[in-house]
Amino acid sequence: MRRNIKKRILLSAAACMALSVSLSSCKKSYESEFNEAKVSVEEGTLTESTANTAAAEAQTLTSIGPTVPADNAQEHVSAETSAYIASQTATVQSGSAGTSSANAAAESAAAINFETRDETVYITKDDVNIRKAAVDGEVLGKANTGDSFHRTGYSDKWSRIEYNGVTAYISSDYTTTTVVEKKTSESVAFNTGWEFGGNSKINSGTATLYYATGSNKKGKTVCVNAGHGTKGGSSVKTLCHPDGTPKVTGGSTAAGNTTATAVSSGTTMQDGTSEAYVNLKVAKALKSVLLERGYNVLMIRESDDVQLDNIARTVMANEMSNCHIAIHYDSTTSNKGAFFMSVADGIKNMYPVSTIWQESDRLGTSVISGLSSNGVKIFSGGSMQMDLTQTSYSKIPSIDLELGDKVSDYSDSTVSVLAKGIADGIDVFYS
Ligand SMILES: [Zn+2]
């Protein structure tokens with residue numbers, strides 16, 4: 001009977017991993033298998049001798065964690081499944097002298113024999129756990145494709161590496177001694193299943209996620225959103241607020257409306273150049289500075305047109321980045337200076353604004369301080385309350401940044417100062 005339990009666990013584990021199902025459904029599968037097993041144990045005739053057999057067999061079960069093939073899914077679930085198997089083992093053992101689940105896990109990790117190595121290894125996939133102890137130790141960080149480490153010990157399942165000056169462990173399955181190039185970017189498509197994604201009307205375009213490749217990685221992704229530049233966007237209407245309530249301030253759409261243009265066409269600089277073009281010029285300069293400083297960058301638009309409306313851009317930023325900065329110029333002709341659109345009082349209690357507005361305003365204040373310290377002219381107090389689609393749908397710190405207006409200079413030298421100023425502000429925000 002005990003053999004049967006073990007076989008079922010292994011089969012269930014293999015099936016879960018083969019199908020790459022989520023951890024929760026994987027766990028559910030373990031659970032049902034184990035419940036079944038537990039029932040048969042309880043209903044069966046457990047004599048003292050079979051109870052002892054159960055304890056002995058249960059001890060065998062603890063070896064399942066580390067012996068299940070370490071493929072992609074396994075690396076992600078190993079800690080959880082090991083703990084689960086250990087806890088189930090304890091259940092089976094209850095009544096007999098049992099080993100605690102913690103002890104069992106520690107024994108499994110300690111049992112690994114590492115061959116001494118002194119070599120550089122490269123990581124072959126993204127999001128690989130770096131653990132304090134092999135098998136199920138605390139996750140200290142994540143390694144991505146092309147990252148390299150000094151390996152000091154090797155077993156077929158686990159490698160001992162040096163990580164930020166401490167000893168750590170990583171699945172050997174994702175290591176190679178052959179050089180692996182770092183992934184520098186990937187295309188990001190919109191997913192209507194993302195929260196509020198159903199409110200977007202234009203979302204066939206793709207954004208690009210750029211990865212910082214230097215040794216100064218911040219582990220943060222900044223969404224850089226060059227405002228406007230969506231053909232057909234001004235003839236489509238989308239809900240101003242996720243909950244359908246009306247706008248509380250004016251702007252390109254007046255207060256009281258429940259819908260606004262999906263993406264407006266923007267203003268035109270005094271020399272006839274479109275605002276969208278200038279926004280993109282700044283966005284590209286900002287991307288370079290941020291990547292140099294170790295931030296990943298999600299670029300919403302990199303050419304004249306991207307088919308992503310303001311809701312799609314915001315939802316994408318929510319899902320793929322840590323903060324969102326939209327670049328704009330205002331339609332005045334006074335060379336007014338830079339400011340950000342702070343969160344309007346009237347929407348501060350509306351979800352999701354209620355969860356993040358203080359951080360959005362702090363991001364805005366930080367960016368304005370960065371611009372100011374680089375000598376950029378600042379308008380009034382540096383902010384203006386506004387109820388924007390971007391703000392209303394943001395679940396991460398998010399600002400609409402107006403860098404000037406129709407008569408502001410956007411020469412290469414000015415744009416590079418603006419990019420540095422914004423990046424300085426982001427550094428302040430995360431410091
Ligand atoms: Zn604009």
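A: Helices (H or I, at least four residues) and strands (E, at least two) are DSSP runs, numbered from the N terminus. The model is a predicted one, in which local features need pLDDT of at least 70 and side-chain atom pairs count only at pLDDT 80 or more, whereas totals for chains, interfaces and linings use all residues. Residues are numbered from 1 along each chain as its sequence is written.

After helix 9 comes G375, whose phi is positive, near 85°.

The buried residues of helix 9 (buried: 20 or more other C-beta atoms within 10 Å, C-beta atoms being placed from the backbone) are V353, W357, S360, L363, G364, S366, V367, I368, G370 and L371. They pack against strand 14 (323–328), strand 15 (338–343), strand 16 (378–386) and strand 17 (398–402), as well as against helix 10 (389–393) and helix 11 (contact: C-beta atoms, placed from the backbone, within 7 Å).

Helix 11, one of these partners of helix 9, spans residues 412–430 and also meets helix 7 (residues 275–292), their axes coming within 8 Å and crossing at roughly 50° (axes are lines fitted to C-alpha atoms, for helices over the stretch in contact, with angles from 0 to 180 degrees between N-to-C directions). The two helices are therefore oblique to each other (under 35 degrees is roughly parallel, over 145 roughly antiparallel, 65 to 115 roughly perpendicular, the rest oblique). On the side of helix 7 the contact is made by K281, V282, A285, L286, V289 and L290, and on the side of helix 11 by V415, S416, L418, A419, K420, I422 and A423.

Among contacts with a separation of 6 or more, 76% join residues 24 or more positions apart. Another helix, helix 8 (residues 310–320), is mostly covered, with 9 of its 11 residues buried; these are N310, I311, A312, R313, T314, V315, M316, A317 and N318.

Key. Contact = placed C-beta atoms within 7 Å. Buried ≥ 20, exposed ≤ 12 C-beta atoms within 10 Å, placed from the backbone.
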